[in-house]
Amino acid sequence: SCRCILMMARVSILTFLLFCIASSSILCLCFAATTAYIANTAGTNDDGILVCDMDEDTGALSVRHTVKTSVVWYIEPHPNGKYVYTSGYNNANYAYKVDTNGSLTEINVQPASGIDPCYVSVDPSGRYLFGANYDSGSFVVFPIDAVTGALRTPSDVSTPGTGSQVQERQTGPHAHMIAPSRDGSHVLGVDLGSDKVFVYKFDADKGKLKAALAPYGQTISGAGPRHFSFHPTLPVVYVINELDCTVGVYAWNGSSGAMRGLQVLSTLPNNYNNSDGHNTGAEIRVHPSGQFVYGTNRGHHSVVVYKIDQTTGTLTHIEWVQTRGDTPRGMNISPSGRWLYTANVNGNNVTWFSIDQEKGTLKYKNKMTASGPVDVEFSVSKE
């Protein structure tokens with residue numbers, strides 16, 4: 001009898017402990033918080049960075065903190081959530097520490113080693129920041145201090161482009177984006193002026209860029225590549241071209257770095273006349289599910305939505321949705337895949353849309369005011 005009671009007590013305690021573990025896991029999931037960082041370009045010593053809380057149920061962004069700075073062209077949170085990096089003002093890149101209340105405190109400023117820095121990204125290991133300098137056409141690697149998050153002097157600088165001479169804006173190299181492949185083994189640098197996506201093998205021990213076996217992916221002449229996005233599972237990369245308003249689909253070889261062209265299609269509706277070059281392509285993102293691709297049009301002021309063929313990675317147009325703000329330079333999708341945000345630089349607002357998870361279609365929800373917004377990035381933390 002006593003032995004039975006003791007066994008029952010042990011079972012009850014075990015059941016209670018399992019319940020506590022499960023409950024704590026559920027609580028951790030429930031309290032996962034998403035922070036949105038908005039980069040602004042309007043004004044001197046204005047609200048250059050907005051730190052926003054994101055409501056996952058409504059998509060709403062509410063400003064928690066502002067950072068007074070001038071002209072932020074791009075913003076990138078560190079994978080560990082402790083630091084944030086920006087490019088822009090005074091030909092420099094900036095490192096910030098994320099404080100316990102979510103505000104940002106400047107760590108240091110590192111010269112960009114080039115002119116007009118327009119893009120930054122962090123390698124998957126969190127050890128390096130990559131930077132692209134538009135006017136000088138250079139790609140730069142900055143070691144990140146493992147203790148403080150500060151940016152150190154460059155470990156490498158590469159300026160491979162010469163300009164394709166096809167269009168007026170292609171008389172010289174114009175580096176517009178640099179970011180790593182999914183596994184971090186390669187780094188891709190987009191050169192609008194040269195009609196090339198340069199591919200590097202990355203030496204993570206030394207922080208060096210070395211031309212890959214296949215050193216670049218070639219776009220259509222005069223296309224003016226701007227940004228790219230990898231598919232989350234397929235060996236495919238998507239490139240949006242600024243000048244000819246197209247998206248290029250490329251098969252990706254993770255060993256050689258080769259980019260083999262599969263498809264090119266317009267970002268604009270067939271009935272839109274862009275003979276004056278009023279519209280330009282800007283941002284491109286792949287949905288976390290790998291089912292859809294989204295791109296922005298500046299001039300048509302729209303988001304183009306594509307369906308991805310899950311076998312080939314090629315695209316089919318689904319729809320065009322007006323951004324309700326002029327010149328959507330930046331655009332991003334929430335980590336959950338439920339919401340899409342456009343940063344409308346000349347409309348001075350950020351608008352957001354719900355994403356139909358089966359169809360990929362967008363439905364406008366709301367907007368907020370911002371001072372020349374150009375980028376929206378996210379960081380997820382457990383509170």
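I'll start with the cysteines. Cys-52 is buried, because its relative accessibility is 0%. Bear in mind that this is a predicted model.

Cys-118 is also on my list. Its relative accessible area is 6%, so Cys-118 counts as buried. Which cysteine has the sulfur closest to that of Cys-118? The answer is Cys-245, and the two sulfurs are 18 Å apart, which is too far for a bond. A disulfide is a covalent bond between the sulfur atoms of two cysteines. The cut-off here is a pair of cysteine sulfur atoms within 2.5 Å, and the count by that rule is zero disulfides.

Now to Gln-357. Where does Gln-357 sit? Gln-357 is in a loop, with β26, residues 349-355, on one side and β27, residues 362-369, on the other. Is Gln-357 buried, exposed or partly exposed? Its relative accessibility is 40%, so Gln-357 falls in the partly exposed class.

Next, what surrounds it. Leaving out residues up to four places away in sequence, Gln-357 touches His-287, Phe-292, Gly-337 and Arg-338. With Gly-337 there is a polar pairing: a polar atom of the Gln-357 side chain lies 2.9 Å from the backbone oxygen of Gly-337. The side chain of Gln-357 also has a polar atom 2.9 Å from the backbone oxygen of Ile-355, and Ile-355 is the residue at which β26 ends.

Last, a distance across the model. How far is Gln-357 from Asn-108 in space, C-alpha to C-alpha? That separation is 41 Å, and along the sequence the two residues are 249 residues apart.

Methods:
Residues numbered from 1 in each chain as written. Predicted model: local features only at pLDDT ≥ 70, side-chain atom pairs only at ≥ 80, totals over all residues. Heavy atoms only, no water. Helix = DSSP H or I, 4+ residues; strand = E, 2+ residues; numbered from the N terminus. Buried < 20%, exposed > 50% of the residue type's maximum accessible area, 1.4 Å probe, protein only. Contact = heavy atoms within 4.5 Å. Polar contact = N/O pair within 3.5 Å; in protein donor to acceptor, adjacent residues only side chain to side chain.
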